[in-house]
2 protein chains.
Amino acid sequence: MSGSKVMDFSKLDGLIPAVVQDETSNEVLMVGFMNDEAWALTQRTGYVTFFSRTRNKLWIKGETSGNRLAVRQMFVDCDDDTVLIKVAREGDGNVCHTGERSCFYRVIDKPKGLSPQVARNFSSANEETK
Amino acid sequence: MSGSKVMDFSKLDGLIPAVVQDETSNEVLMVGFMNDEAWALTQRTGYVTFFSRTRNKLWIKGETSGNRLAVRQMFVDCDDDTVLIKVAREGDGNVCHTGERSCFYRVIDKPKGLSPQVARNFSSANEETK
């Protein structure tokens with residue numbers, strides 16, 4: 001189980017953030033945390049496994065729902081404390097427990113008090129997504 | 001400064017992870033952490049601001065290099081403890097301190113011991129990116 005060797009779990013009390021991205025659409029689907037064991041299991045099984053901070057236990061994503069996340073590629077960041085995982089979605093493909101495809105389904109309203117330049121950026125970004 | 005109201009900073013000692021994604025290419029560029037103040041500043045200024053865990057201070061990304069990250073859209077996840085920020089890259093556009101465009105520039109080698117199905121997935125994913 002050599003997976004843990006490359007990662008630095010020291011900065012966050014034994015955890016690293018893991019960003020899950022759809023390998024095809026490139027949507028960011030969710031962020032979870034892994035401890036050393038979850039990291040090793042993810043590599044060994046090929047399915048994303050987290051450590052649940054609220055339940056204090058390992059958590060194979062989609063184990064109950066069937067919406068598992070099959071690992072396609074894993075990337076480590078420049079200081080070895082975060083992982084990016086490109087996945088294929090299994091089951092109904094809805095990753096969020098709310099039934100949404102991604103956990104990031106709520107956009108934050110345009111902040112007040114931005115500089116005019118930035119306000120324009122926001123405005124133009126919003127227009128592009130209409 | 002109402003930004004902090006929507007986020008839950010309690011799970012990670014006052015911090016939330018912030019995933020930065022290129023608004024055009026959808027590349028995940030980096031992950032940083034924000035405290036309440038960094039979060040509010042990001043919204044107020046329109047530029048991504050982190051809290052540096054190693055330096056224990058606020059850190060306007062690109063303040064020195066000029067490679068700032070202009071906020072275009074922000075999304076909050078289902079349990080309010082992580083933010084996804086779509087950005088436009090300023091300066092030379094290289095976000096990582098190593099000079100790479102993304103901090104996630106290193107792919108992790110295909111794990112040993114995967115099930116045949118998953119091993120095939122890995123193999124096929126690698127072929128697609130050649």
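I began with Lys61(B), which, apart from neighbours within four places in sequence, is in contact with Met30(B), Val48(B), Phe50(B), Asn67(B), Arg68(B), Leu69(B) and Val95(B); contact here means heavy atoms within 4.5 Å.

Before going on I noted that this is a predicted model, in which local features need pLDDT of at least 70 and side-chain atom pairs count only at pLDDT 80 or more, while totals for chains, interfaces and linings use all residues. Residues are numbered from 1 along each chain as its sequence is written, chains are lettered from A and ligands numbered from 1 in the order in which they are written, and side-chain values use heavy atoms, with hydrogens and water left out.

**Lys61(B), continued**

I placed Lys61(B) in the loop between S4 and S5 of chain B; helices (H or I, at least four residues) and strands (E, at least two) are DSSP runs, numbered from the N terminus. Lys61(B) is buried yet has no salt bridge, and the nearest side chain of opposite charge, Asp92(B), is 8.8 Å away. For these terms I kept the cut-offs at hand: buried means under 20% relative accessible area, exposed over 50%, and partly exposed in between, with a 1.4 Å probe and protein chains only. A salt bridge is a side-chain nitrogen of Lys or Arg within 4 Å of a carboxyl oxygen of Asp or Glu, and in judging charge Lys and Arg count as positive, Asp and Glu as negative, with His and the chain ends not counted. I then found that the side chain of Lys61(B) reaches the backbone oxygen of Val95(B) at 2.6 Å.

**Chain A as a whole**

I looked up the secondary structure of chain A, which comes to 2 helices and 7 strands, and along the sequence the pattern reads β-β-α-β-β-β-β-β-α. Chain A has 130 residues, of which 52% count as buried. Among its contacts with a separation of 6 or more, 44% are between residues 24 or more positions apart.

**The sheet**

I traced an open sheet of 5 strands in the order S2(A)-S1(A)-S6(A)-S5(A)-S7(B), with mixed pairing; two strands pair if DSSP finds at least two bridges between them. Strand S2 (28-34) of chain A and strand S7 (106-107) of chain B stand at the edges with a single partner strand each, so one side of each is left without a neighbour in the sheet. Strand S1 (residues 16-22) of chain A pairs with S2(A) in the antiparallel sense over 6 bridges, and I noted that Pro17(A) has Phe33(A) in S2(A) as its bridge partner.

**Salt bridges**

I recorded a count of 16 salt bridges over all chains. In one of them, Arg89(A) meets Asp22(A), with the closest N and O atoms 2.6 Å apart. Because Arg89(A) lies in strand S6 (residues 83-89) of chain A and Asp22(A) in strand S1 of chain A, the pair ties together parts that are 67 residues apart in sequence. Arg89(A) is partly exposed at 30% relative accessible area, whereas Asp22(A) is buried at 5%.

Where do Arg53(A) and Asp81(B) lie, given that they form a salt bridge? Arg53(A) is in the loop between strand S3 (49-52) and strand S4 (57-60) of chain A, and Asp81(B) is in the loop between strand S5 (69-76) and strand S6 (83-89) of chain B, so the pair joins two chains. I read 3.1 Å between their closest N and O atoms; Arg53(A) is partly exposed at 26%, while Asp81(B) is buried at 5%.

Technical notes. Polar contact = N/O pair within 3.5 Å; in protein donor to acceptor, adjacent residues only side chain to side chain.
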